[in-house]
Amino acid sequence: MAVEVVMPRLGWNMEAGSLVRWLKQDGEPVRAGEVICLIESDKGVNEVESLDSGILRIPLDSPPPGVEVPVGTVLAYLVGPGEPAPFGLASSVSPIAREQGSPGQDAAGAGVSTHQATPATIVPASPTDSGSGDRGPTAGVLGRSGATEPGAARPRVEVSRPTPRAVEQDGGAAAEPGGVLTKERLLALYRQMVEIRRCEEELAKAHQRGLIHGACHTYVGEEAIASGVCAHLRPDDTVLSTHRGHGHALAKGVRPRELMAELFGRVTGCSRGRGGSMHLFAPEVGLLGTSGIVGPSILLATGAAYTFRLLKTDRVSVAFFGDGASNNGAFHEGLNLAAIWRLPVVFVCENNQYATEVPLNNVAGNPHVAERAVAYDLPGVRVDGNDVVAVYEVAGEAVRRARAGEGPTLLEGFTYRTRAHAEGMRDAGYRTRAEIEEWQGRCPIKRLRERLIAGGAATAGELDRIDAEVEAIVADARQYAEASPWPDPATATRHVYSGGSDACAS
Ligand SMILES: Cc1ncc(C[n+]2csc(CCOP(=O)(O)OP(=O)(O)O)c2C)c(N)n1
Ligand SMILES: [Mg+2]
C-alpha cells in the first residue's frame, strides 16, 4: 500500500514549508531512516528522514522547490516493488484541516531488515511457564499502600481510567515478571520492543502532519532498556521517567491507545489529554509520571522507594534518566540518600551519548556513568543498552537486590537515539549521518530477532506474526486517538489541585 510523504512539521508552530530539493530520485528505493529531502521553514533548512521503506514516486504535480505549502501536504509516495504510484489521488488538503474529521489513513511502518546474527543461549521453557499472561500479583495494585483508586476522590472525572493491561492480560505481557529467559519471555521482550518502535513511528508520522501538539521526544533505538528493565517489575512497582518516556509508559503497562490519545490531546489519554507527551501518568500500572524537567525522576523515585520502606513492602522503585541528567545535582542527592538508607530503588541511566546536542564526552570528567556508583558505595553496572538480553539480566539482579532489601543499584545502558532529539528538530551539526547509520545497524529489535532465529528459539514466521499483531494494535490505537473527543474546555482548571476542588473551576 502506498505511503504518503508529506510536508513535515519541523518545529512546534510551523504551519508551512517549502521543498529545497529531493535527495532521492523518482523511482529510487528508500530505506526507513534515510534522508530523502531538504525542507525549508521559518526555522531554517532541515534534512527529512523517511519513516518508511519503499520506492519513491514523485507526482508531476508535486509542489516544486521553493513553493511554500501547508504542513501535511502530500509531496510524494512510497510504494512497494511493482506497485503502481497512486498519482492523481493525492489530497493537497492539510491534515491539520482534517483533524476534526475522519481517522488518518497512514500505512504502518517498514518491515525489519536483515542484520548480523549472534547465536543465543536459549533456556527451554519450563513446564510451569504456561503462558498464562499473568505478570504477577494484581489484587493489590489499586489498594496497596493506601493509594486512592484513581477517580475515587475526584468526583468530576469525565472518563474512567483505563483497565490496567496487566490485569486484563491482552497478550502483550510475559508470565511472572523476571525469571529465567524462556522462549515465552524472549518473545514477550521482542513484542514489547516492536510495540514501542511502532508506536513511536506512528507518533512521529502524526507529529509530522501537525496532529500532535507540543514536543515529542521519541525513544527509537533505545527500546531494549525500558523493555529489559520493566519485564522484572510488578504492576505495584513504580517507574518515574523523563521527557523521553513513551517507551517506559508502554513497557510499564500503559496501552498504545491511551498513550496515543494522550499525545493527540484527547480525553481518553492516560492523563486525560491534559499532559501530552511529557506528562504521562498511569498510577494504576505503576507509572508515577514522566517529566519535562531533567533530573527529578531520580529524586521522585528515591522518594517512592522511601515510601515502600516505610510501608514495609517489597515494592521496587525505578528511575529512568538520561546521561544529561547524570550531571544534574539530583543525581548526587538521589543516589546518596538511597545509598545511606539502602532504599529499594534501581537507577537506570540511559546513556544515549548526547544531551540534546551536547556529547557526554565533552561535559563529563568521567563519561562512564556507572563508575560514579563507587562514590556512593553502590553497585554500578554498564550494559550494552541495545542488547535486551543483557539489559534483562543485569536489571534482574538489580531488581532482586532492591526487593530483597539489599539496597539500590546504578545501571547504565549504553545506547543511542537514532531520531532527532525531538520530532521536527534539526539533527545535524553535532553528529554525523555515518554515526547515526552505524547505530541504526545496532537496532535492538533486529539484534534480538536474528538471535532468536539463529539460536532456533523462534522462526521468522513467528516473529512476523508478532510484528503483524503489533501493527494492527498500533493502527487501532491511532484511529482510537483521532476519533476520541477533546477534553471539555469548561473543565480546564480541574485536576490542578488535589481533592477535586471545584473552587479552581471559576
Ligand atoms: C532541569 C532542566 N534543564 C534543562 C532542560 C532542557 N533539556 C531538555 S531535554 C535536555 C537534554 C537531556 O539529555 P539527557 O538527560 O541525556 O536525555 P536524552 O534527551 O538524551 O534522552 C535538556 C538539557 C530541562 N528540560 N530541564
Ligand atoms: Mg542523553
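Predicted model: local features only at pLDDT ≥ 70, side-chain atom pairs only at ≥ 80, totals over all residues.
At what angle do helix α3 and helix α12 pack, and how far apart are their axes?

**View 1. Packing of helix α3 against helix α12.** Two packed helices are described by the angle between their axes and the distance between the axes. Helix α3 comprises residues 183–208 and helix α12 residues 444–454; they pack at an angle of about 150°, and their axes are 10 Å apart. Angles over 145 degrees count as roughly antiparallel, and α3 and α12 are therefore roughly antiparallel to each other. The crossing in which α3 passes α12 is left-handed. On the α3 side, the contact is made by Leu186, Leu189, Tyr190, Met193, Val194 and Arg197. On the α12 side, Pro444, Ile445, Leu448, Arg449 and Leu452 take part. By class, the residues of this contact between α3 and α12 divide into 9 nonpolar and 2 charged, with no polar residues.

**View 2. Packing of helix α4 against helix α10.** Helix α4 (residues 223–230) packs with helix α10 (residues 388–403) at an angle of about 40°, and the axes lie 8 Å apart. The crossing of these two helices, α4 and α10, is right-handed. Helix α4 contributes Ala224, Ile225, Ser227, Gly228 and Val229 to the contact, while helix α10 contributes Val388, Val391, Tyr392 and Ala395. The contact of α4 with α10 has 7 nonpolar and 2 polar residues, and no charged residues.

**View 3. An open sheet of 4 strands.** Strands of a sheet pair through backbone hydrogen bonds, either parallel or antiparallel. In this sheet the pairing is antiparallel, and the strands follow the order β5-β4-β2-β7. Strands β5 (44–49) and β7 (68–70) form the edges, each pairing on one side only. On average, neighbouring strands of the sheet are turned by 40° against each other, direction ignored.

**View 4. The pairing of strand β2 with strand β7.** Strand β2 (residues 16–22) and strand β7 run antiparallel and are joined by 3 bridges. Which residue of β7 is the bridge partner of Ser18? The partner of Ser18 in β7 is Glu68.

**View 5. The surroundings of ligand 1.** Ligand 1 is surrounded by 15 residues. The closest of these are Val294, Gly322, Gly324, Ala325 and Ala355. Divided by class, the shell around ligand 1 holds 8 polar, 5 nonpolar and 2 charged residues.

Key:
Residues numbered from 1 in each chain as written. Chains lettered and ligands numbered in written order. Near = placed C-beta within 6 Å. Nonpolar A, V, L, I, M, F, W, Y, C, P; charged D, E, K, R; others polar. Axes fitted to C-alpha atoms, helices over the stretch in contact; angles between N-to-C directions. Left-handed = near helix turned anticlockwise from the far one by under 90°. Contact = placed C-beta atoms within 7 Å. Parallel < 35°, antiparallel > 145°, perpendicular 65-115°, else oblique. Pairing = 2+ DSSP bridges.
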